[in-house]
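Welcome, and thanks for taking a look. Here is a short briefing to read alongside the model, with the points grouped by topic.

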Amino acid sequence: MLIRKKRLGEVAASDITDYQTYLNRRQFLNGAAVAVSASMLPLSMAHAESEPVPTFKDLIKSQYSTEEKLNTFEEITTYNNFYEFATNKTYPAQMATKFPDKSKPWRVVIDGECDKPGEYDYDDLIRPFSLEERIYNFRCVEGWSMVIPWVGFPLADLIKRAQPNSRAKFVEFTTLYDPEQMPGQKRAVLDWPYTEGLRMDEAMNPLTLLSVGLYGQELLGQNGAPIRLVVPWKYGFKSIKSIVHIRFVESLPVSAWMKAGPKEYGFYSNVNPNVDHPRWSQSRERRIGEFLKRKTEMYNGYGEQVAHLYTGMDLTKNF
Ligand SMILES: Nc1nc2c(c(=O)[nH]1)N[C@H]1C(S)=C(S)[C@@H](COP(=O)(O)O)O[C@H]1N2
Ligand SMILES: [Mo]
(Lines give C-alpha, C1' and ligand atoms only; values in the text may rest on other atoms or scores of the structure.)
(Ligands and ions follow the chains in the order given, each with its own letter.)
Protein backbone atom coordinates (compact mmCIF):
# COMPACT_ATOMS: atom_id res chain seq x y z
CA MET A 1 0.00 0.00 0.00
CA LEU A 2 1.21 3.44 -0.86
CA ILE A 3 1.05 5.98 1.87
CA ARG A 4 0.88 9.40 0.32
CA LYS A 5 3.35 11.62 2.11
CA LYS A 6 2.02 14.97 3.02
CA ARG A 7 3.70 17.88 4.63
CA LEU A 8 2.58 18.34 8.20
CA GLY A 9 -0.08 20.96 8.46
CA GLU A 10 -1.24 20.58 4.87
CA VAL A 11 -5.01 20.23 4.78
CA ALA A 12 -6.56 18.51 1.81
CA ALA A 13 -10.12 19.30 0.81
CA SER A 14 -10.88 15.62 1.13
CA ASP A 15 -10.04 15.78 4.84
CA ILE A 16 -13.07 17.92 5.38
CA THR A 17 -15.36 16.32 2.84
CA ASP A 18 -14.84 12.81 4.22
CA TYR A 19 -16.57 13.88 7.37
CA GLN A 20 -19.03 16.34 5.81
CA THR A 21 -20.26 13.76 3.28
CA TYR A 22 -20.70 11.39 6.12
CA LEU A 23 -22.76 13.85 8.18
CA ASN A 24 -24.95 14.75 5.21
CA ARG A 25 -25.68 11.13 4.56
CA ARG A 26 -26.53 10.63 8.22
CA GLN A 27 -28.98 13.51 8.07
CA PHE A 28 -30.69 11.92 5.09
CA LEU A 29 -30.93 8.59 6.88
CA ASN A 30 -32.35 10.28 9.97
CA GLY A 31 -35.09 11.82 7.84
CA ALA A 32 -35.96 8.43 6.42
CA ALA A 33 -36.02 6.91 9.87
CA VAL A 34 -38.96 9.08 10.90
CA ALA A 35 -41.21 7.31 8.42
CA VAL A 36 -40.17 3.78 9.29
CA SER A 37 -40.12 2.44 12.82
CA ALA A 38 -36.62 1.74 14.08
CA SER A 39 -37.31 -1.94 14.63
CA MET A 40 -38.00 -2.42 10.92
CA LEU A 41 -34.68 -0.96 9.89
CA PRO A 42 -31.64 -3.09 9.33
CA LEU A 43 -29.24 -2.85 12.25
CA SER A 44 -26.95 -0.43 10.46
CA MET A 45 -29.72 2.10 9.82
CA ALA A 46 -31.34 1.72 13.22
CA HIS A 47 -28.04 3.11 14.46
CA ALA A 48 -29.06 6.48 13.02
CA GLU A 49 -30.54 7.40 16.40
CA SER A 50 -27.14 7.63 18.04
CA GLU A 51 -25.90 10.45 15.87
CA PRO A 52 -22.19 11.12 16.29
CA VAL A 53 -21.37 14.54 17.63
CA PRO A 54 -18.10 15.86 16.20
CA THR A 55 -16.39 16.46 19.54
CA PHE A 56 -12.98 16.97 18.00
CA LYS A 57 -12.77 19.97 15.68
CA ASP A 58 -10.15 21.26 13.25
CA LEU A 59 -8.58 17.88 12.80
CA ILE A 60 -5.79 17.65 10.29
CA LYS A 61 -5.07 14.47 8.42
CA SER A 62 -1.68 13.04 9.32
CA GLN A 63 1.02 12.51 6.72
CA TYR A 64 0.66 8.77 7.34
CA SER A 65 -2.97 8.67 6.29
CA THR A 66 -3.98 6.31 3.57
CA GLU A 67 -6.16 7.62 0.73
CA GLU A 68 -8.15 4.38 0.71
CA LYS A 69 -11.91 4.43 1.07
CA LEU A 70 -12.99 4.62 4.69
CA ASN A 71 -15.24 2.10 6.29
CA THR A 72 -18.51 3.61 7.44
CA PHE A 73 -19.19 4.70 11.01
CA GLU A 74 -21.76 1.91 11.19
CA GLU A 75 -19.30 -0.76 10.11
CA ILE A 76 -16.67 0.43 12.55
CA THR A 77 -19.06 0.60 15.47
CA THR A 78 -21.12 -2.55 14.90
CA TYR A 79 -18.49 -5.15 13.92
CA ASN A 80 -16.09 -5.36 16.84
CA ASN A 81 -13.89 -7.58 18.92
CA PHE A 82 -14.10 -6.90 22.64
CA TYR A 83 -14.09 -10.06 24.76
CA GLU A 84 -14.86 -8.12 27.94
CA PHE A 85 -18.35 -7.78 26.50
CA ALA A 86 -18.88 -10.73 24.18
CA THR A 87 -16.93 -13.19 22.08
CA ASN A 88 -18.78 -12.52 18.84
CA LYS A 89 -18.50 -9.47 16.61
CA THR A 90 -21.96 -7.94 16.91
CA TYR A 91 -22.76 -8.04 20.63
CA PRO A 92 -20.09 -5.63 21.90
CA ALA A 93 -21.96 -2.74 20.25
CA GLN A 94 -25.13 -3.71 22.13
CA MET A 95 -23.45 -4.60 25.42
CA ALA A 96 -21.16 -1.56 25.69
CA THR A 97 -23.69 1.24 25.15
CA LYS A 98 -23.24 2.52 28.73
CA PHE A 99 -19.52 1.87 28.89
CA PRO A 100 -17.59 3.43 30.48
CA ASP A 101 -19.81 4.52 33.36
CA LYS A 102 -19.60 8.32 33.18
CA SER A 103 -20.22 8.64 36.94
CA LYS A 104 -16.88 6.96 37.66
CA PRO A 105 -13.60 8.75 37.00
CA TRP A 106 -11.35 7.09 34.41
CA ARG A 107 -7.90 6.91 35.93
CA VAL A 108 -4.75 5.91 34.07
CA VAL A 109 -1.61 4.89 35.96
CA ILE A 110 1.78 5.34 34.31
CA ASP A 111 4.64 3.73 36.22
CA GLY A 112 7.45 1.19 36.18
CA GLU A 113 10.91 2.06 34.87
CA CYS A 114 10.48 5.79 34.42
CA ASP A 115 11.45 9.04 36.12
CA LYS A 116 8.02 10.72 35.92
CA PRO A 117 5.39 8.17 36.93
CA GLY A 118 1.89 9.44 37.59
CA GLU A 119 -1.78 8.73 37.98
CA TYR A 120 -4.07 10.84 35.83
CA ASP A 121 -7.73 11.46 35.32
CA TYR A 122 -8.53 10.87 31.66
CA ASP A 123 -8.97 14.61 30.89
CA ASP A 124 -5.68 15.52 32.55
CA LEU A 125 -3.95 12.68 30.74
CA ILE A 126 -4.86 13.81 27.25
CA ARG A 127 -4.91 17.61 27.75
CA PRO A 128 -1.22 18.22 26.96
CA PHE A 129 -1.35 16.32 23.69
CA SER A 130 -2.34 17.69 20.33
CA LEU A 131 -5.21 15.94 18.62
CA GLU A 132 -4.81 17.73 15.36
CA GLU A 133 -3.43 14.76 13.50
CA ARG A 134 -6.11 12.41 12.45
CA ILE A 135 -4.66 9.23 11.14
CA TYR A 136 -6.47 6.99 8.73
CA ASN A 137 -5.47 3.63 10.00
CA PHE A 138 -5.96 0.26 8.62
CA ARG A 139 -6.26 -2.84 10.64
CA CYS A 140 -6.19 -6.38 9.51
CA VAL A 141 -7.28 -9.10 11.78
CA GLU A 142 -7.80 -12.82 11.34
CA GLY A 143 -8.94 -12.26 7.79
CA TRP A 144 -10.87 -8.99 8.15
CA SER A 145 -9.83 -5.40 7.90
CA MET A 146 -11.17 -1.87 7.94
CA VAL A 147 -9.94 1.63 7.21
CA ILE A 148 -10.70 3.82 10.21
CA PRO A 149 -10.25 7.59 10.65
CA TRP A 150 -8.83 7.47 14.16
CA VAL A 151 -8.41 10.55 16.29
CA GLY A 152 -5.37 10.23 18.47
CA PHE A 153 -1.85 11.25 19.32
CA PRO A 154 1.43 9.38 19.11
CA LEU A 155 2.11 7.15 22.11
CA ALA A 156 5.68 8.49 21.85
CA ASP A 157 4.48 11.89 23.13
CA LEU A 158 3.19 10.35 26.33
CA ILE A 159 6.29 8.18 26.71
CA LYS A 160 8.55 11.23 26.44
CA ARG A 161 6.58 12.92 29.21
CA ALA A 162 7.01 9.87 31.48
CA GLN A 163 10.78 9.78 30.86
CA PRO A 164 11.53 6.05 30.83
CA ASN A 165 14.94 5.11 32.25
CA SER A 166 17.61 2.87 30.70
CA ARG A 167 16.03 -0.31 32.13
CA ALA A 168 12.79 0.30 30.24
CA LYS A 169 12.88 -2.12 27.31
CA PHE A 170 9.15 -2.74 26.86
CA VAL A 171 5.82 -1.09 27.55
CA GLU A 172 2.98 -3.08 29.06
CA PHE A 173 -0.65 -2.01 28.77
CA THR A 174 -3.61 -3.17 30.86
CA THR A 175 -7.35 -2.87 30.29
CA LEU A 176 -9.79 -1.98 33.06
CA TYR A 177 -10.87 -4.89 35.26
CA ASP A 178 -14.46 -4.33 36.36
CA PRO A 179 -16.78 -7.31 35.85
CA GLU A 180 -19.78 -5.18 36.81
CA GLN A 181 -19.18 -2.95 33.81
CA MET A 182 -17.65 -5.64 31.61
CA PRO A 183 -19.74 -8.76 32.08
CA GLY A 184 -17.50 -10.86 29.82
CA GLN A 185 -14.92 -10.74 32.62
CA LYS A 186 -17.19 -12.96 34.72
CA ARG A 187 -16.26 -15.81 32.41
CA ALA A 188 -12.73 -17.20 32.23
CA VAL A 189 -12.30 -16.84 28.46
CA LEU A 190 -9.03 -14.94 28.99
CA ASP A 191 -6.83 -14.36 32.02
CA TRP A 192 -8.31 -10.96 32.93
CA PRO A 193 -7.46 -8.17 32.79
CA TYR A 194 -6.47 -8.09 29.11
CA THR A 195 -2.84 -7.04 28.74
CA GLU A 196 -0.60 -6.27 25.78
CA GLY A 197 2.94 -5.15 25.20
CA LEU A 198 5.27 -3.44 22.76
CA ARG A 199 9.04 -3.20 22.52
CA MET A 200 10.17 0.35 23.32
CA ASP A 201 11.14 1.15 19.71
CA GLU A 202 7.76 -0.11 18.48
CA ALA A 203 6.03 2.01 21.10
CA MET A 204 8.03 5.08 19.99
CA ASN A 205 7.23 4.63 16.28
CA PRO A 206 5.13 7.55 15.00
CA LEU A 207 2.47 5.16 13.67
CA THR A 208 1.72 3.87 17.17
CA LEU A 209 -1.21 5.85 18.54
CA LEU A 210 -3.21 6.34 21.62
CA SER A 211 -6.65 6.82 20.13
CA VAL A 212 -9.46 8.70 21.83
CA GLY A 213 -11.91 8.98 18.95
CA LEU A 214 -12.89 8.14 15.42
CA TYR A 215 -14.83 9.97 12.72
CA GLY A 216 -14.35 13.16 14.75
CA GLN A 217 -16.19 11.98 17.84
CA GLU A 218 -15.18 10.34 21.09
CA LEU A 219 -14.74 6.58 21.03
CA LEU A 220 -17.82 4.51 21.74
CA GLY A 221 -17.58 1.77 24.35
CA GLN A 222 -17.29 -1.02 21.80
CA ASN A 223 -14.24 0.60 20.19
CA GLY A 224 -12.35 0.84 23.48
CA ALA A 225 -13.45 4.07 25.11
CA PRO A 226 -12.11 6.26 26.44
CA ILE A 227 -8.56 5.50 25.30
CA ARG A 228 -7.03 2.60 23.38
CA LEU A 229 -3.94 1.68 21.48
CA VAL A 230 -3.74 1.53 17.67
CA VAL A 231 -0.80 -0.30 16.10
CA PRO A 232 -1.60 -0.43 12.39
CA TRP A 233 1.11 -2.87 11.23
CA LYS A 234 0.12 -5.55 13.76
CA TYR A 235 -2.85 -7.87 14.06
CA GLY A 236 -5.83 -6.30 15.75
CA PHE A 237 -5.46 -7.92 19.15
CA LYS A 238 -2.29 -5.88 19.85
CA SER A 239 -4.46 -2.74 19.81
CA ILE A 240 -5.63 -3.01 23.41
CA LYS A 241 -8.79 -1.17 24.42
CA SER A 242 -9.92 0.83 27.44
CA ILE A 243 -6.47 1.26 28.97
CA VAL A 244 -5.98 2.00 32.69
CA HIS A 245 -2.30 1.17 33.15
CA ILE A 246 0.84 1.83 31.13
CA ARG A 247 3.98 0.37 32.65
CA PHE A 248 7.63 0.48 31.56
CA VAL A 249 9.31 -2.88 32.11
CA GLU A 250 12.66 -4.54 31.63
CA SER A 251 11.55 -7.97 30.41
CA LEU A 252 9.14 -9.00 27.69
CA PRO A 253 5.54 -8.71 28.90
CA VAL A 254 3.43 -11.83 28.39
CA SER A 255 0.11 -10.71 26.93
CA ALA A 256 -3.30 -12.20 27.64
CA TRP A 257 -3.32 -13.80 24.18
CA MET A 258 0.16 -15.28 24.60
CA LYS A 259 -1.05 -16.92 27.82
CA ALA A 260 -4.19 -18.20 26.10
CA GLY A 261 -2.37 -19.69 23.10
CA PRO A 262 1.43 -19.35 22.99
CA LYS A 263 1.70 -21.33 19.74
CA GLU A 264 -0.91 -19.16 18.05
CA TYR A 265 -0.23 -15.69 19.35
CA GLY A 266 3.30 -14.39 19.55
CA PHE A 267 4.59 -11.19 21.06
CA TYR A 268 5.23 -9.43 17.76
CA SER A 269 2.10 -10.33 15.77
CA ASN A 270 3.19 -8.25 12.83
CA VAL A 271 0.85 -8.59 9.89
CA ASN A 272 2.65 -11.13 7.70
CA PRO A 273 0.93 -12.89 4.78
CA ASN A 274 3.80 -15.42 4.62
CA VAL A 275 3.36 -16.79 8.13
CA ASP A 276 0.05 -18.53 8.70
CA HIS A 277 -1.77 -18.79 11.98
CA PRO A 278 -1.68 -22.52 12.94
CA ARG A 279 -5.39 -22.77 12.21
CA TRP A 280 -5.83 -20.49 9.21
CA SER A 281 -4.07 -18.80 6.33
CA GLN A 282 -3.19 -15.15 6.81
CA SER A 283 -2.46 -14.44 3.15
CA ARG A 284 -5.82 -12.87 2.36
CA GLU A 285 -8.26 -10.67 4.18
CA ARG A 286 -11.80 -9.48 3.72
CA ARG A 287 -12.17 -5.73 3.86
CA ILE A 288 -15.46 -5.22 5.67
CA GLY A 289 -17.98 -4.07 3.09
CA GLU A 290 -16.27 -5.86 0.19
CA PHE A 291 -17.22 -9.17 -1.30
CA LEU A 292 -13.95 -10.51 -2.68
CA LYS A 293 -10.96 -11.04 -0.45
CA ARG A 294 -7.83 -9.03 -1.08
CA LYS A 295 -4.19 -9.90 -0.59
CA THR A 296 -2.82 -9.06 2.81
CA GLU A 297 0.29 -6.90 2.68
CA MET A 298 3.47 -7.34 4.70
CA TYR A 299 3.30 -5.12 7.78
CA ASN A 300 -0.20 -4.22 6.60
CA GLY A 301 1.41 -1.96 4.00
CA TYR A 302 3.47 0.01 6.52
CA GLY A 303 6.83 -1.64 5.75
CA GLU A 304 8.45 1.63 4.79
CA GLN A 305 7.86 2.93 8.32
CA VAL A 306 8.45 -0.22 10.37
CA ALA A 307 10.43 -2.92 8.52
CA HIS A 308 13.68 -1.56 9.97
CA LEU A 309 12.49 -2.49 13.46
CA TYR A 310 12.80 -6.16 12.58
CA THR A 311 15.96 -6.43 10.46
CA GLY A 312 17.85 -9.60 11.23
CA MET A 313 14.94 -11.22 13.05
CA ASP A 314 13.51 -14.55 11.94
CA LEU A 315 9.87 -13.62 11.45
CA THR A 316 8.67 -17.22 11.43
CA LYS A 317 10.08 -17.61 14.98
CA ASN A 318 9.24 -14.09 16.09
CA PHE A 319 5.63 -14.22 14.94
N1 LIG B 1 -9.30 -5.09 26.08
C2 LIG B 1 -9.45 -5.60 24.86
N3 LIG B 1 -8.82 -5.03 23.81
C4 LIG B 1 -8.98 -5.56 22.56
C5 LIG B 1 -9.76 -6.73 22.36
C6 LIG B 1 -10.42 -7.30 23.49
O7 LIG B 1 -11.12 -8.33 23.41
N8 LIG B 1 -10.24 -6.71 24.72
N9 LIG B 1 -9.86 -7.27 21.10
C10 LIG B 1 -8.75 -6.97 20.18
C11 LIG B 1 -8.99 -7.46 18.84
S12 LIG B 1 -8.80 -9.13 18.59
C13 LIG B 1 -9.29 -6.63 17.81
S14 LIG B 1 -9.48 -7.24 16.26
C15 LIG B 1 -9.48 -5.18 18.03
C16 LIG B 1 -10.82 -4.75 17.45
O17 LIG B 1 -11.00 -3.36 17.56
P18 LIG B 1 -12.37 -2.69 17.02
O19 LIG B 1 -13.51 -3.44 17.63
O20 LIG B 1 -12.31 -1.26 17.46
O21 LIG B 1 -12.38 -2.81 15.54
O22 LIG B 1 -9.43 -4.82 19.40
C23 LIG B 1 -8.43 -5.48 20.15
N24 LIG B 1 -8.37 -4.95 21.49
MO1 LIG C 1 -8.86 -9.53 16.33
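**An exposed lysine, a ligand and a pocket**

Lys57 counts as exposed because its relative accessibility is 62%, over the 50% cut-off. Please keep in mind that this is a predicted model. The points below start with Lys57, then turn to ligand 1 and to the second largest pocket.

- You will find Lys57 in the loop that runs between α2 (43–46) and β1 (60–61).
- Lys57 and Leu131 are 74 residues apart along the chain, and a distance of 9.1 Å separates their C-alpha atoms.

**Ligand 1**
- Around ligand 1 there are 18 residues, the closest being Tyr83, Glu84, Arg139, Ser239 and Lys241.
- Lys241 also places a polar side-chain atom 2.7 Å from an oxygen atom of ligand 1.
- For Asn80, a polar side-chain atom lies 2.9 Å from an oxygen atom of the ligand 1 molecule, and for Asn223 the corresponding distance to an oxygen atom of ligand 1 is 3.0 Å, again from a polar side-chain atom.
- On its own, ligand 1 exposes 540 Å², and the protein buries 100% of that area.

**The second largest pocket**
- This pocket has a volume of about 400 Å³.
- Its lining is made up of 27 residues, of which Asn81, Phe82, Tyr194, Gly236 and Phe237 are the closest to the pocket centre.
- Sorted by class, the lining holds 13 nonpolar, seven polar and seven charged residues.
- Two strands, β4 (133–141) and β5 (144–154), each contribute at least two residues to the lining of this pocket.

Key. Residues numbered from 1 in each chain as written. Chains lettered and ligands numbered in written order. Predicted model: local features only at pLDDT ≥ 70, side-chain atom pairs only at ≥ 80, totals over all residues. Heavy atoms only, no water. 1 Å grid on protein atoms, 1.4 Å probe; cavity = no way out; pocket = protein on both sides within 12 Å on 5 of 7 lines; lining within 4 Å. Points joined across faces, edges and corners; volume = space filled by probe spheres on them. Helix = DSSP H or I, 4+ residues; strand = E, 2+ residues; numbered from the N terminus. Nonpolar A, V, L, I, M, F, W, Y, C, P; charged D, E, K, R; others polar. Buried < 20%, exposed > 50% of the residue type's maximum accessible area, 1.4 Å probe, protein only. Near = heavy atom within 4 Å. Polar contact = N/O pair within 3.5 Å; in protein donor to acceptor, adjacent residues only side chain to side chain. Areas by Shrake-Rupley, 256 points an atom, 1.4 Å probe, with all protein chains shown as cover.
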